[in-house]
Amino acid sequence: MTAPAAAAGSKPRVALFVTCLVDLFRPTVGFAAVKLLEDAGCIVEVPAAQTCCGQPAYNSGDRADARAVAEGVIRAFEGYDFVVAPSGSCAGMIKAHYGELFHGDPNWWPRADALAGKTFELVSFLVDVMGVTQVEAAFEGSVTYHDSCSGLRELGIKAQPRSLLGTVDGLTLKEMKDTDVCCGFGGTFCVKYGEISDKIVSKKTKNIREAGAGTLLAGDLGCLMNMAGKLKREGSGVEVRHVAEVLAGMVEGPAIGEKRKGRD
Amino acid sequence: MQITSPRFKKNAHEALQNPPLQKAMGNVEVNFIGRRAASAAALPEFEALRDNARDIKNHTLQHLDLYLEAYERKVTEAGGHVHFAEDADAARKIILEICRQKGAKTVTKGKSMISEEIGLNQYLEANGVVPVETDLGEYIIQLRGEAPSHIIAPAVHVNKEEVEAEFRRVHTHLDPKRDLSEPTTLLAEARGELRAKFLAADVGITGANFLIAETGTSVIVTNEGNGDLTQILPRTHIVIASIEKITPTLNDVGQILRVLARSATGQEMSVYTTFSTGPRRPEDPDGPDDYHVVILDNGRSSMLGTDFEDMLRCIRCGACMNHCPVYHAIGGHAYGWVYPGPMGAVLTPTLIGVDKSGHLPNASTFCGRCESVCPMRIPLPKMMRHWREREFEQHLQPKAARWGLKTWAWFAKRPRVYQLATRVAMGGLGLMGRAKGRFASLPLASGWTTYRDFPAPEGETFQAQWAKRRKAS
Ligand code: SF4
């Protein structure tokens with residue numbers, strides 16, 4: 001991996017915010033993130049006192065619980081140089097919303113702001129902060145990339161994953177139509193308004209299938225589980241992975257929603 | 001207008017099962033999005049113009065009382081009359097009273113969302129005055145007995161075959177051989193039908209896109225020219241507009257116009273932008289003898305100084321709904337009242353109460369596409385979240401959701417307990433799902449599994465694996 005910042009000598013201490021979905025459903029993404037960060041020259045630590053960023057409560061209108069959870073995140077993470085999450089949605093929560101959540105609080109507001117300033121989504125951190133321009137990974141096949149909404153619109157993530165994917169040996173990128181349109185996940189939305197969510201994700205999977213790529217990638221596990229779940233229900237053979245898995249070359253395990261090979 | 005917002009889910013279900021509607025909604029995505037993008041891209045200063053438009057309206061809202069007074073003074077000086085209406089009922093009564101004084105039998109109407117908001121047509125009809133909608137889209141839905149499903153394209157949910165059928169049903173003199181298969185032939189048919197009505201009308205009612213405080217002018221922005229005939233031909237012109245339409249100067253309006261049509265339809269300017277100030281002066285070639293402006297509050301002033309003030313910047317361009325995946329899926333009627341899409345999800349709870357319209361701000365993925373295209377930079381998702389906060393405070397959300405949230409929060413605040421509990425739960429779920437890698441159904445998750453499979457977890461949580469590695473090394 002080419003990382004000018006690492007060559008500078010001072011290795012930044014990065015706290016990995018695993019995110020609840022990666023912790024629970026797809027630890028591989030967490031290990032891929034650790035590898036990518038270490039390859040870029042970071043010292044990676046995983047604070048034990050982490051659960052979730054508080055977004056479910058925040059988006060449900062429960063500010064008190066959102067704040068309580070967010071205070072825990074601030075305490076656990078504020079001592080590091082950077083906080084990195086393999087999710088635009090969770091990083092966006094800290095970066096774009098903690099300020100609003102603690103607005104006007106003389107004690108917490110400055111701490112929330114400080115944390116927001118050093119929190120990043122994984123791939124944009126690698127490219128924009130660590131100056132990574134290429135990865136050492138191989139992937140035989142074609143992929144299509146979905147821009148998850150928070151990452152795209154709150155954090156401006158669009159070019160970074162594509163630039164790194166372009167350096168993966170053997171990989172071809174086949175863009176789908178409307179890559180920037182929501183997949184219909186929306187956190188609890190997909191369950192509360194399942195029928196509407198289904199209509200939205202069906203348009204997405206149609207675009208994915210028409211792109212003709214073998215694998216779908218994105219940077220947010222919530223969206224990936226939604227799209228994978230729909231593709232599998234439709235009987236599609238498109239495999240679904242988090243972009244970090246491919247960038248880190250960690251693609252031996254089964255894709256999202258697939259069984260382990262050799263086991264029936 | 002009957003409010004069906006409380007049955008939003010049922011409305012949405014019916015919309016999703018309605019093939020003609022689904023076909024028509026496909027056109028929204030095709031027609032509006034690319035055009036807006038192209039026209040925004042063609043103007044290098046477009047983003048700066050958005051900032052500017054936002055700042056103009058923010059300034060106006062800070063001094064709304066002063067600008068309203070200044071506007072009233074100017075209209076009066078020009079020989080017109082301003083009426084302030086606190087709510088829908090007051091506005092309807094003022095308008096009916098003017099119609100009665102003029103002995104009006106029919107009124108022609110230009111497109112106005114405020115007219116929909118106050119239920120003007122039904123009220124006039126019940127009181128013996130016949131309203132005739134003259135905007136093609138409004139005319140179509142008036143024939144169909146429907147409400148608009150979009151704020152700038154009221155009949156966007158109707159396919160052209162359905163319009164033809166409606167015209168053939170109502171225009172009984174129509175030659176069955178006459179070709180009505182194209183939008184242009186449909187338009188010609190409506191024009192022919194409406195011409196006599198324009199001439200016969202006693203009163204013309206229009207909305208307003210802007211009310212200019214500096215000059216006492218009302219401005220309408222249209223593409224059909226029907227608005228001009230509505231306000232010029234009858235003896236009396238009534239403008240109905242809400243308080244936030246006030247804009248300080250002509251120059252301000254010029255600036256906001258530069259983002260309005262581009263955001264709405266991708267046009268640089270709409271076909272007609274019409275300015276009217278007071279009644280006809282002796283030297284004018286045409287114009288009404290009487291000019292009235294009814295300014296509606298209807299709860300808007302209570303938004304000033306609150307979390308919802310930003311919403312009063314809205315210029316009703318429709319870009320937010322044109323780009324909304326939820327609106328694309330279900331159309332405008334499912335929202336159950338006058339204003340659909342993201343702007344409706346924020347405005348409707350103010351106007352009819354969040355207890356009745358609680359679904360609207362919840363039925364959003366928070367994808368943020370609306371905010372990204374709103375020319376007035378209104379933070380729509382943020383304000384929908386504020387409505388969710390109000391609902392939470394007032395215990396309006398379903399009990400099960402609240403209980404689930406509280407349980408989750410209890411664990412999320414206790415990392416150790418959380419990690420122990422999730423270790424066990426994910427281990428179990430991972431084992432159960434190992435054979436297939438996913439679940440076709442799961443108890444308590446039918447909202448997910450009715451429509452898609454649920455990917456199984458890999459098994460051991462990241463934290464558990466990480467802890468082991470640390471110990472081993
Ligand atoms: S909220 Fe913004 S995008 Fe939506 S109609 Fe109003 S001005 Fe247009």
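Is the crossing of α6(A) and α7(A) left-handed or right-handed? This tour starts there, in a model that is predicted.

**Stop 1: two helices in chain A**

Select residues 88-101 of chain A for helix α6, then residues 108-117 of chain A for helix α7. Two packed helices are described by the angle between their axes and the distance between the axes. Here the axes come within 8 Å and cross at roughly 165°. An angle over 145° counts as roughly antiparallel, so that is how α6(A) and α7(A) run relative to each other. Their crossing is left-handed, which settles the opening question.

Next, show the side chains where the helices meet. On the α6(A) side, pick Ile94(A), Lys95(A), Tyr98(A) and Gly99(A). Facing them in α7(A) are Trp109(A), Ala112(A), Asp113(A), Leu115(A), Ala116(A) and Gly117(A). Coloured by class, this contact shows 6 nonpolar, 2 polar and 2 charged residues.

**Stop 2: a sheet in chain B**

Move to chain B and find the open sheet of 4 strands. Read across, the order is β8-β5-β6-β9, and the pairing is mixed. Select 246-247 for β8 and 272-276 for β9 in chain B: these are the edge strands, each pairing on one side only.

**Stop 3: confidence**

Colour chain B by pLDDT. Its mean is 94, and 100% of its residues reach 70 or more. For the complex, the predictor gives an ipTM of 0.94 and a pTM of 0.95.

Terms used: Residues are numbered from 1 along each chain as its sequence is written. Chains are lettered from A and ligands numbered from 1 in the order in which they are written. This is a predicted model: local features need pLDDT of at least 70, side-chain atom pairs count only at pLDDT 80 or more; totals for chains, interfaces and linings use all residues. Side-chain values use heavy atoms; hydrogens and water are left out. Axes are lines fitted to C-alpha atoms, for helices over the stretch in contact, and angles run from 0 to 180 degrees between N-to-C directions. Angles under 35 degrees count as roughly parallel, over 145 as roughly antiparallel, 65 to 115 as roughly perpendicular and the rest as oblique. A crossing is left-handed if the near helix is turned anticlockwise from the far one by less than a right angle, and right-handed if clockwise. Contact means heavy atoms within 4.5 Å. Ala, Val, Leu, Ile, Met, Phe, Trp, Tyr, Cys and Pro count as nonpolar, Asp, Glu, Lys and Arg as charged, and the others, Gly among them, as polar. pLDDT is the predictor's confidence in each residue, from 0 to 100. Two strands pair if DSSP finds at least two bridges between them.
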